[in-house]
Structure formats: structure tokens, C-alpha cells
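Please open the structure in your viewer and keep the sequence panel beside it, so that each selection can be followed in both.

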Amino acid sequence: GGGMRLAQPIGSLWYWCMDQDLVQRTLSARSDVHSKAGCTMAAGLKLLAPFFMVIPGMAVSVLFDFEAGSASTDQAYPVLLASVMPPGVVGIMVA
């Protein structure tokens, strides 16, 4: 409740205003249009990141029997890699 209302604006301010990637795109742009387009592209790419983190977790919960909150959930991603990816690709992913 209250903690979220207090912490979210602070986190959002840091994420969207003080992130070096967004600031650098804005300051190095040729014009205002390029600046806005660069920030919009960077924001779109940042919005994709949670999907790359959440979708493997959802796949593990569907494919394997992991209970939420148990110690075995720490092994979910390695189990997914070992069972789905070929051995050479697993080595590249782990490295």
C-alpha cells in the first residue's frame, strides 16, 4: 500500500530520468525529434526486458513441477536450460 505509493515515484524518476542510456540518447540527438524517437525506442526496449525474465519462469512452471517459494525454484532456470537446449548452447548460455 503506502510503501508502494512512496517508492514507485522515486524508482520511476531514477529509471526514466537518470538512466545513462536515456540521458545520453537525449543529449546526443541531432534535434528534438531525434531525441524523442531515441527515448521512445529505448523505453520500448526496456519494456521488453521483463518479458524475457518472466516467460522462462512461466515455461518452467508449466513444464516442470516446481512449487513457489521452495528451495528448488532456484534450480528452475538451470533445469530448463539443461532439458531444452543442446549441450553446446548450454555452455554458451552459462558462460
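Select Ser-35 to begin: with a relative accessibility of 10%, Ser-35 counts as buried, where buried means under 20% relative accessible area, exposed means over 50%, and partly exposed is what lies in between, all with a 1.4 Å probe and protein chains only. Ser-35 sits in helix H3; helices here are DSSP runs of H or I with at least four residues, strands are runs of E with at least two, and both are numbered from the N terminus. If neighbours within four places in sequence are set aside, Ser-35 is in contact with Thr-26 and Ala-29, contact being heavy atoms within 4.5 Å.

Before going further, note that this is a predicted model, in which local features need pLDDT of at least 70 and side-chain atom pairs count only at pLDDT 80 or more, while totals for chains, interfaces and linings use all residues. Residues are numbered from 1 along each chain as its sequence is written, and side-chain values use heavy atoms, with hydrogens and water left out.

Next, select Ala-42, which lies in helix H3, residues 32-63. Ala-42 counts as buried because its relative accessibility is 2%.

Which residues of H3 are buried? They are Ser-35, Gly-38, Ala-42, Ala-43, Lys-46 and Val-60. For a contrast in the helix, select Ala-37, which also lies in H3 and is partly exposed, with a relative accessible area of 46%. The C-alpha atoms of Ala-37 and Arg-25, twelve residues apart along the chain, are separated by 9.3 Å.

Select the whole of H3 and look from end to end. At 1.5 Å a residue, its 32 residues should span 46 Å, and the end C-alpha atoms are 48 Å apart, which agrees; the expected span is taken as 1.5 Å times one less than the number of residues.

Move on to H4 and select Ala-76, Leu-80 and Leu-81, the buried residues of that helix. Seen down the axis of H4, these buried residues fall within an arc of 130°, so they line one face of the helix; the arc is that of the directions from the helix axis to the C-beta atoms. What covers the buried residues of H4 includes H3 and H5.

The largest share, three residues, comes from H5. Within that helix, pick out Val-89, which counts as partly exposed at 34% relative accessibility.

Finally, show the whole chain, which has five helices and zero strands and follows the pattern α-α-α-α-α when read along the sequence. Buried residues make up 13% of its 95 residues. Among the contacts in the chain with a separation of 6 or more, 16% are between residues 24 or more positions apart.
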